[in-house]
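Subject: Structure for you to look at

Hello,

Here is the structure I said I would pass on. Please have it open while you read the notes below.

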Amino acid sequence: TKMLAALGVRVTNDDLKLQGTDLIYRVMQRWLPASRALLEMIILHLPSPKVAQRYRAELLSQAPSDHPSSAVLRGCETGPGTPLLMYISRHVPTADGKR
């Protein structure tokens with residue numbers, strides 16, 4: 001419990017009654033909640049959709065780069081007058097584990 005206090009992890013008396021793996025899981029849940037850690041990593045390390053769309057657009061579309069739909073896709077444009085674009089993807093597993 002001294003180590004938990006030093007780390008700032010608060011556990012209840014009921015938590016301390018757990019043993020082994022159950023106790024470790026509970027301590028880890030309190031110390032580093034996966035949802036918060038994952039959200040923080042997404043915020044800090046992934047580009048915004050608008051920024052990412054600039055370099056992903058050519059991978060998503062087979063249309064020529066000078067086609068109007070390509071410009072809309074690349075710019076992540078929305079609003080009246082912009083065409084509706086839809087991307088449908090199907091992932092099929094292969095024997096070697098690659099896509």
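Start with lysine 17, which pairs with aspartate 14 in a salt bridge, their closest N and O atoms being 3.7 Å apart. A salt bridge here is a side-chain nitrogen of Lys or Arg within 4 Å of a carboxyl oxygen of Asp or Glu. Lysine 17 is exposed at 63% relative accessible area, and aspartate 14 is exposed at 55%. For these labels, buried is under 20% relative accessible area, exposed is over 50%, and partly exposed is in between (1.4 Å probe, protein chains only).

Before going on: this is a predicted model, in which local features need pLDDT of at least 70 and side-chain atom pairs count only at pLDDT 80 or more, while totals for chains, interfaces and linings use all residues. Residues are numbered from 1 along each chain as its sequence is written, and side-chain values use heavy atoms, with hydrogens and water left out.

The whole structure has three salt bridges. Asp15, Arg26 and Arg30 are linked in a network of them. Arginine 26 meets aspartate 15 at 2.6 Å, N to O. In that pair, arginine 26 belongs to helix H3 and aspartate 15 to helix H2 (residues 13-16), eleven residues apart. Helices are DSSP runs (H or I, at least four residues), numbered from the N terminus. Between aspartate 15 and arginine 30 the closest N and O atoms are 3.2 Å apart. Aspartate 15 is in H2 and arginine 30 in H3, so this pair ties together parts 15 residues apart in sequence. Is aspartate 15 buried or exposed? Aspartate 15 is buried, at 2% relative accessibility, whereas arginine 26 is partly exposed at 28% and arginine 30 is partly exposed at 40%.

Next, glutamine 53, in helix H5 (residues 49-60). Glutamine 53 is buried, with a relative accessible area of 14%. A polar atom of its side chain lies 3.4 Å from the backbone oxygen of leucine 73. Beyond neighbours within four places in sequence, glutamine 53 is in contact (heavy atoms within 4.5 Å) with Leu60, Leu73, Arg74 and Cys76.

Cysteine 76 lies in the segment after helix H6 (68-75). Its phi is positive, about 55°, although cysteine 76 is not a glycine. Most residues other than glycine have a negative phi. Cysteine 76 is partly exposed, at 34% relative accessibility.

Regards

Note on methods: Helix = DSSP H or I, 4+ residues; strand = E, 2+ residues; numbered from the N terminus. Polar contact = N/O pair within 3.5 Å; in protein donor to acceptor, adjacent residues only side chain to side chain.
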